[in-house]
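Here's a quick briefing for anyone opening this one up for the first time. Have a look around, then read on.

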Amino acid sequence: MSAGTAERSGFARLLSAEWTKLRTVRGWLIGLAVGALLTAGVGMFIASATVCSQPGPNGSFVACSNTSGPDGREVTDRFFFLHRPLTGNGQLTVRITDVRAAQAWAKAGIIIKQNTRSGSSYAAIMVTPGHGVRMQYDFTHDVAGPSGAVSRTAPRWLRLTRAGNRVTGEASGDGRHWTTVGTATLTALPRTAQLGLFVGTPPDSGLTQSLTESTQHVGSALATARFDQLTVAGGTTGTSWTGTDIGDTGGMRTAAGGRQREGDAFTLHGSGDIGPAVSPLLPVTPIERTLIGTFAGLIAVAVVAIAFVTAEYRRGMVRSTLAASPRRIRVLAAKAVVMGSAAFVVGLAGSAAAVALGSMLLRANGNAVAAVPLGTELRAIVGTAALLAVTAILAMAVGSIVRHSAAAITLVIAGLVFPYLVTAGAPVLPAATANWVLRLSPAAGFAIQQTQVRYPQVDTAYTPFNGYFPLSPWLGFAVLCGYAVLALAVAGFLLRRRDA
Amino acid sequence: MNAAAWRLLRAEWTKAHTVSSTGWLVAAIAGTTLALGGAAAAATHCSSGSCDPIRTSLTGVQLGQVAVVLLAVLAVGTEYSTGTIQATLAAAPRHGRVLAAKVTLLCALVLPVGAASVAGSLLVGRAVSPGHGFRLLTASALRAAGGSVLYLVLIALLTLGVTFAVRNSAAAIGTVLALLYLTPIVAGVVTDTRWQRHLLQLAPMSAGLSVQATVGIHDLPIGPWPGLGVLAGWTAAALLAGATILWRRDT
């Protein structure tokens, strides 16, 4: 037998010895099972106690309705639309002389839309009070054009051209020199689509935060825009314009849109927004809401991982363990592999059950569960299992360093669980502080559970409490892994230096 | 109190004051309670009419209780991890007395430091509250203060019961902290108001801390004293479980 094989079989024997220790202590198996049950059970409880309702007429509450966009993801699609049918290719040019709205992301401009159904495919060129000219299409796409606000002294010309499936948006400051802002290819656009002017504004949302409270006020808002010098080219039918409030009247819509005509000028007002649905602005429940029990599961798994090393010191068994395997680092490695694997399996069972059953319960209670790509959903589920595995290894290493179970669990809870609880669990810390805590502490690893996407074109409270972590999922997870590697290195160093 | 019980109590006191962690944890109870309470009082700007400056000043209790939990766990858990519990129980064949001695010791430790922390938090809160202070000698302020001290004592005894039941320091800390903090988190997320109310009425921390409220009492999920009563129920159940396991097992 070569030395290499001997070493490998030696490590295999170590693994088998550690696995035997883990599975023969009844309390530890109970602890691991509790970890899985907490992860899954809390999520299922939350799902069954979450009912969706949004403000209806006369202070009542109605079941949530959600609108799906062309790709199946939830969208917001409410605005005032002054339109006429366009068959085949065509072009609309208009001058905007005034936009009055409180929101930086209020929108006024030209839109071509599949039909007047909320959620249908579209492309639009628009002016905004705070973000200049934008070309947006199919809810998630946003291209910036010339910056600057619109006023009577600085009007803005916009032009939208359809050629087959291609829609091009252009902007101009004088009506003669045009800049192409963007081009969209809309495969869902039928031969006869709706072309016209639109106005909308997101609700007036302000965020107040302090150490003890953080609330988002969502009020109503109305935007008004003045259009003139309207020219239509191509196959439009008829000369009359139809005004339609797109989207339902529930949720954030409180004011109805409308228009006034004076000569060749139109003044339109409308509320609502066109864009991806983003929580907490809209009642869309992200799937990671069912994974909130993870922190409790983590505590259970960390307790077992700590006991897994400290019990050896307490009973003096560590002397036989180390005598049987003089290369102490390998003992630590074997313990890490066994404990990490056990925690991963337990975590996977818990998180898969939480997400699968939790989202079923959420839908049964009338909630709109945010649709995410399968890969993202799997990353949240498997990532939660990995979160438990890395935490178990971290806890084990901390236990090996301090050799005292009460001190070790206190360190793990103080370093990993508390930072999570006061930022993402409850809005105890102001968002800016919370973001720093979730960049620097091991709790950054919880970012692996985030499935929601930040959209720059939608203003909402992108705070940890609303499920938006400051670091990307894998980067946040890497921070946690860094802490685990550091703790393992210190534990390994001390294990070689200290007496057992 | 007879001589045997007195000796047991002396023994518990000797164990407690010769361990350096006791002093550190007592200091931590006061330090964390005062620091968080002062920070919360300074940071909270009271614009609406529904705010409760006394309760805000006592926010620190939510953090100070962690040190109380650690103190209570170490009063028992260390004996289990070092094996001295066997000597302790052999010296006092009537195990109920050991439990009674630990209860007395914890009360003697937590009552004074809890009272000092709560009184200090109110004084600090009144000094740093932006704009307006509050009166301390009103019935509701005294209820909030006295109730907060009792809250800390009940948390210590709840932890003691859990530690005797699970006989492991790390497991006891994990269990108690999860029990305390899980329900407020869950209650903050669920949207079914009926369930939310039930959770806040039944959870040891949420129900127990309702004793700190001085305004809007009628809108609370549970009243101040009934809320503390719910926590007392949890404490009684934990002590009973701990006593049962202590009685049925020798170590």
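Is A:Ala233 buried or exposed? A:Ala233 is exposed, because it has 12 other C-beta atoms within 10 Å. (Here "buried" means 20 or more other C-beta atoms within 10 Å of a residue's own, "exposed" means 12 or fewer, and "partly exposed" is in between, with C-beta atoms placed from the backbone.)

Some ground rules before the tour. This is a predicted model, in which local features need pLDDT of at least 70 and side-chain atom pairs count only at pLDDT 80 or more, while totals for chains, interfaces and linings use all residues. Residues are numbered from 1 along each chain as its sequence is written, and chains are lettered from A and ligands numbered from 1 in the order in which they are written.

**More on A:Ala233**

- A:Ala233 sits in strand β16 (residues 223–236) of chain A. Helices (H or I, at least four residues) and strands (E, at least two) are DSSP runs, numbered from the N terminus.
- Leaving out residues up to four places away in sequence, A:Ala233 touches A:Gly90 and A:Gln91. Being in contact means that the two C-beta atoms, placed from the backbone, lie within 7 Å.
- A:Ala233 and A:Thr87 are 146 residues apart in sequence, yet 11 Å apart in space, C-alpha to C-alpha.

**Strand β5 of chain A and its partners**

- Strand β5 (residues 79–100) of chain A runs antiparallel to strand β17 (residues 242–246) of chain A, and five bridges join them. Two strands count as paired if DSSP finds at least two bridges between them.
- β5(A) also pairs in the antiparallel sense with strand β13 (residues 192–200) of chain A, over eight bridges.
- A:Phe80 shows up in both pairings: A:Asp245 stands opposite it in β17(A), and A:Val199 is its bridge partner in β13(A).
- Then there's strand β10 (residues 156–163) of chain A, joined to β5(A) by seven bridges and again antiparallel. In that pairing, A:Leu92 has A:Leu160 of β10(A) as its bridge partner.

**A three-stranded sheet in chain A**

- Three strands of chain A make an open sheet, in the order β3-β4-β20, with antiparallel pairing.
- β3 (67–68) and β20 (274–276) of chain A are at the edges with a single partner strand each, so one side of each has no neighbour in the sheet.
- β3(A) and β4(A) pair over two bridges in the antiparallel sense, and A:Ser68 has A:Glu74 in β4(A) as its bridge partner.
- Five residues lie between β3(A) and β4(A) in their hairpin, and A:Gly72 in the turn has a positive phi of about 90°.
- On to the other pairing: three bridges join strand β4 (residues 74–77) of chain A to β20(A), running antiparallel. A:Val75 stands opposite A:Pro276 there.
- In a regular strand, side chains alternate between the two faces of the sheet.
- β4(A) is covered on both faces, with A:Glu74 and A:Thr76 on one side, A:Val75 and A:Asp77 on the other, and all of them buried.

**A hairpin and a helix in chain A**

- Strands β8 (residues 132–137) and β9 (residues 141–144) of chain A run antiparallel and are joined by four bridges. One of the pairs is A:Gln136 with A:Asp142 in β9(A).
- β8(A) and β9(A) form a hairpin with three residues between them, and A:Asp138 in the turn has a positive phi of about 45°.
- Helix α5 (residues 328–364) of chain A has 37 residues and should span 54 Å at 1.5 Å a residue, which agrees with the 53 Å between its end C-alpha atoms. The expected span is 1.5 Å times one less than the number of residues.
- After α5(A) comes A:Gly366, with a positive phi near 80°.

**Chain B**

- Chain B has eleven helices and zero strands.
- Its radius of gyration is 19 Å, close to the 18 Å from the globule rule for 251 residues, so chain B is as compact as a globular protein of that length. (That radius is taken over C-alpha atoms, and the rule is 2.2 Å times the number of residues to the power 0.38.)
- The C-alpha trace of chain B spans about 60 × 40 × 30 Å along its principal axes.
- Of the 251 residues of chain B, 50% count as buried.

**Where the chains meet**

- 31 residues of chain B are in contact with 28 residues of chain A.
- On the chain B side, α2 (20–43), α4 (61–82) and α8 (169–189) are the elements that give two or more residues. α8(B) gives the most, with 14 residues.
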